[in-house]
Amino acid sequence: MSQIQTARRPSAAARRTGYVIAAGINAVLLWLIHGWPGWDAVPFLTQDMPRALVAIDASLIAGIVANVIQVWWDPPWMIKLCACVTLAFGLASLIAVYQVFPFSFGPGFDWALLARILLILAIVGTAIALAVTVIQLAARRGMRS
């Protein structure tokens with residue numbers, strides 16, 4: 001006989017620890033981008049990078065805000081809502097990076113083509129994840145009505 005196992009939700013302390021760590025990682029990324037060493041220390045990024053930074057910053061800040069909210073209040077529907085918001089901001093930042101394409105790679109292997117392919121895959125994957133999460137949130141809402 002097979003038993004159906006249901007996923008158990010981690011403890012509140014474990015969830016809160018995860019939210020704090022995630023918010024901290026996003027804050028560190030913001031500091032690394034704008035503080036030390038700064039985005040301009042990366043040799044293959046061009047002077048066009050600031051045009052994409054607004055969207056990248058918004059995505060990181062949305063992640064920080066979502067995780068701070070979830071530290072204090074994290075019912076399952078709120079987790080899905082925060083995921084929708086952060087996925088939407090992430091998608092916008094990926095599209096901005098693709099449009100600006102602030103990369104300059106040296107001669108040899110076509111790194112630019114590989115970067116574009118990876119960005120397209122990330123955009124498609126994020127769009128799918130966003131659609132699935134919106135549907136899950138709507139279905140959860142429908143079950144409560």
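This is a predicted model: local features need pLDDT of at least 70, side-chain atom pairs count only at pLDDT 80 or more; totals for chains, interfaces and linings use all residues.
Select Gly-24, which lies in helix 1. Helices here are DSSP runs of H or I with at least four residues, numbered from the N terminus. Gly-24 is partly exposed, at a relative accessible area of 30%. The scale is this: buried is under 20% relative accessible area, exposed is over 50%, and partly exposed is in between, with a 1.4 Å probe and protein chains only.

Residues are numbered from 1 along each chain as its sequence is written, and side-chain values use heavy atoms, with hydrogens and water left out.

**Helix 1**

Select residues 12-34, the 23 residues of helix 1. At 1.5 Å a residue they should span 33 Å, and the end C-alpha atoms are 33 Å apart, so the two agree. The expected span is 1.5 Å times one less than the number of residues.

Colour the buried positions next: Arg-15, Tyr-19, Ala-23, Asn-26, Leu-30 and Ile-33. An α-helix has 3.6 residues a turn, so residues three or four places apart point the same way. What covers the buried residues of helix 1 includes helix 2 (49-72) and helix 3 (76-100).

**Helix 1 against helix 2**

Show both helices. They pack at an angle of about 155°, with axes 8 Å apart. That makes helix 1 roughly antiparallel to helix 2. Axes are lines fitted to C-alpha atoms, for helices over the stretch in contact, and angles run from 0 to 180 degrees between N-to-C directions. Under 35 degrees counts as roughly parallel, over 145 as roughly antiparallel, 65 to 115 as roughly perpendicular, and the rest as oblique.

Now pick out the contact, meaning heavy atoms within 4.5 Å. On helix 1, select residues including Tyr-19, Ala-23, Asn-26, Leu-30 and Ile-33. On helix 2, their partners in the contact include Leu-53, Ile-56, Leu-60, Ile-64 and Asn-67.

Move to Ser-59, found in helix 2. Is Ser-59 buried or exposed? At 17% relative accessibility, Ser-59 counts as buried. Leaving aside neighbours within four places in sequence, Ser-59 is in contact with Phe-89, Gly-90 and Ser-93.

Bring in helix 3. The axes of helix 2 and helix 3 come within 8 Å and cross at roughly 170°. That makes helix 2 roughly antiparallel to helix 3. Among the contact residues are Ala-55, Ser-59 and Ala-62 of helix 2, and Cys-82, Phe-89 and Ala-96 of helix 3.

Select helix 3 alone. Its 25 residues should span 36 Å at 1.5 Å a residue, and its end C-alpha atoms are 36 Å apart, which agrees. Buried residues here include Met-78, Cys-82, Gly-90, Ser-93 and Val-100. Step just past helix 3 to Phe-101, which takes a positive phi of about 45°.

**The loop**

Finish at Leu-45, in the loop between helix 1 and helix 2. Leu-45 is buried, with a relative accessible area of 16%. Which residues does Leu-45 touch, not counting those up to four places away in sequence? Select Trp-39, Pro-102 and Phe-103. Last, draw a distance from Leu-45 to Ala-139: they are 94 residues apart along the chain, and their C-alpha atoms are separated by 42 Å.

Key. Helices (H or I, at least four residues) and strands (E, at least two) are DSSP runs, numbered from the N terminus.
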